[in-house]
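Subject: Structure handover

Hello,

My notes on what turned up in it follow below.

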Amino acid sequence: MRLSQTLVPTLKENPGEAQVVSHKLMLRAGMIRQLGAGIYSWLPLGLRVLRKVENIVREEMDRAGAQEVLMPAVQPAELWKESGRWSQYGAELLRFQDRGERDFCFGPTHEEVITDLVRHELRSYKQLPANFYQIQTKFRDEVRPRFGMMRGREFLMKDAYSFDLDQESLDNSYQIMFQAYQAIFRRCGLTFRAVEADTGAIGGSDSHEFHVLAGSGEDEIASCDHCHYAANLEKAVPGPLEEVALTSSGAAMERVETPGIRTIEEVAGFLKVPAHQTVKSLVVETSEGAAILLLRGDHELNEIKASHLLEGEGFHLPDPAAVQKLTGVTVGSLGPVGATLPLIADYALENQTDFVCGANQEGWHLTGVCWGRDLPRPRFADLRNVRAGDRCPRCETGHFSLDRGVEVGHVFKLGDKYTRAMKMTVLNKEGREQTPLMGCYGIGVSRIVAAAIEQNHDDNGIVWPVSLAPFHVEILLVNPKETEAMELAESLYNRLGQANLSTLLDDRRERIGVKFKDADLIGAPLRVVIGGRGIKEGMVEVQSRHDGASQKVEIGAVAEHLIERLQALMAEAVV
């Protein structure tokens, strides 16, 4: 491709609306342009990368035995009402009516559609297991679209759905997809981690997320430094607590005046006790009522875990005015002794003694509080976020480290959630109708592009993994007016094309400094600089975008040199 004839509108400055690296660089490199909030057009450079990701995904899905289909993006409401999700999914579901005032949605996912398709086409156990996938545009009406392709409203997604007769077969299908995902992300040249995850609105049982590790990631993940256990913060379970000083002094509970003291830090400082000796009380509400959750003062509430424990819809933490209305106490003085709402305490408090908590009176706290003596032992549950240094629950030897990640894939065991609701059955060996079990497997194809940039960039621009680079080689002409240089560039361009190496020829009549800046921004793995001075010496300069290393190569050997280097890089990417 010749840069003089290609739409690559690079920008010198960072766009003001871009907050994360991938968004800045995708705009600056001329890969995308915004049409509306969270909605983007893909320009030639960006589309080349997107198609490379798509091809890797398709090849690995085909290799895993999945069959490609393409389902409608527009879905009738009747299917969503069958599954029960029409009223459950929330405002992210883009709903509209056709001219006949029939309800439809623009699909954010396709569990209902694939189940409807399969229930009409698969009738026998002999047709199972089966796995169908598609690569298609989705739309989720994010309340706050941001970060470009990291959190857009319209995006390209690969979604796959497996159908199995029993749990053993589902487990096998799930493992096949798990391995396929690992192959996909390895081929994309990404450093990633598979972590246990919450199933969220899609439902089901077992679930894993695949995260590309990047400091700008929205998700926090916990990983054991000794075994393979890893989970996102919503799902991570803490192991046994490290020993802390919790011996009881036997002193009686005492009311202590704490004027103007409300936060845990203020309480601990005022009473000269460690934060782990304090207990904080948090009011939560659902449609079924309110409760008080108790945590150690130095721990943080995990709202996902808490919402799973409580019955009812609409889990939330009410504002201070609502808390006072529910309890008659201001937030900073709330405590469990004498509380009128049900209590649930985190496991970390199970053996706590002599703790400090609110006295349910403004400006007062209680010290020396003990379970069983000063208040009944409450229900205990896992309520908190894990922290760096917490012990692993699996091996009980290792400790957690916390990293940030960009979620690029998610796999679920759905069970019979959709097949039973939509009455999908097949005849088993005994000739009786049986409800199959489903798995669901999603990959954010367009998000992988952004995640790859988050993980592979420097101060000058993108540093593409070779498997995703829009071009393998970029040829820079110092002066396109020099006939001999132009002829050499054309010859090299054609030779690399014959070797199936995608090549960008920067034949623009621009200053060489501008060309170097744009080449850094675009990030092709190898760069060839052709100029009159080098030609007189019989040499051209070959530069690596990855490490900036530069070397002189004889003109007659440059094509084979580039082919060998790139073949080696591509072979490494496949391993």
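**Salt bridges and burial**

Lys-413 is buried, with a relative accessible area of 9%. Buried means under 20% relative accessible area, exposed means over 50%, and partly exposed lies in between (1.4 Å probe, protein chains only).

Two notes on the basis. This is a predicted model: local features need pLDDT of at least 70, side-chain atom pairs count only at pLDDT 80 or more, and totals for chains, interfaces and linings use all residues. Residues are numbered from 1 along each chain as its sequence is written, and side-chain values use heavy atoms, with hydrogens and water left out.

Lys-413 pairs with Asp-171 in a salt bridge, where the closest N and O atoms are 2.8 Å apart. A salt bridge here is a side-chain nitrogen of Lys or Arg within 4 Å of a carboxyl oxygen of Asp or Glu. The pair links distant parts of the chain: Asp-171 sits in helix 5 and Lys-413 in strand 20 (residues 400–415), 242 residues apart. Helices (H or I, at least four residues) and strands (E, at least two) are DSSP runs, numbered from the N terminus. Asp-171 is partly exposed, at 31% relative accessible area.

The structure holds 37 salt bridges. Others include:

- Glu-196 with Arg-394, at 2.6 Å, N to O. Glu-196 is in strand 9 (residues 192–196) and Arg-394 in the loop between strand 19 (379–381) and strand 20, 198 residues apart. Glu-196 counts as buried at 19% relative accessibility; Arg-394 counts as exposed at 52%.
- Glu-112 with Arg-85, at 2.7 Å, N to O. Glu-112 belongs to helix 4 (residues 111–121), and Arg-85 to the loop between helix 3 (77–83) and strand 5 (94–97), 27 residues apart. Both Glu-112 and Arg-85 are buried.
- A network of salt bridges that links Arg-51, Glu-54, Arg-58 and Glu-68.

**Nonpolar cores**

A nonpolar core is a set of buried Ala, Val, Leu, Ile, Met, Phe, Trp, Tyr and Cys residues joined through side-chain atoms within 4.5 Å. The largest has 61 residues, and Met-31, Phe-185 and Trp-464 touch the most other members. Helix 5 (residues 167–187) gives the most to this core, with 8 residues. The core lies between domain 1 (3–237 + 402–453) and domain 3 (471–574), because both give residues to it. Domain bounds come from an automatic or database domain assignment.

What does Phe-185 contact, leaving aside its neighbours within four places in sequence? Leu-190, Phe-192, Phe-210, Val-408, Gly-409, Ile-443 and Ile-448. Contact means heavy atoms within 4.5 Å.

A second, separate core has 26 residues, including Cys-105, Ile-114, Val-426 and Cys-440.

In helix 6 (residues 264–271), Ile-264, Val-267, Ala-268 and Leu-271 are buried. They share one side of helix 6, because they cover an arc of only 95° around the axis. That arc is taken from the directions from the helix axis to the C-beta atoms. The buried residues of helix 6 pack against strand 13 (254–257), strand 14 (279–286), strand 17 and strand 18. Lys-272 follows helix 6 and has a positive phi, near 55°.

Strands pair if DSSP finds at least two bridges between them. Cys-357 has Leu-366 as its bridge partner in strand 18. The two strands form a hairpin with 5 residues between them, and Asn-360 in the turn has a positive phi of about 60°.

Helix 10 (residues 445–455) is mostly covered, with 10 of its 11 residues buried.

Best wishes
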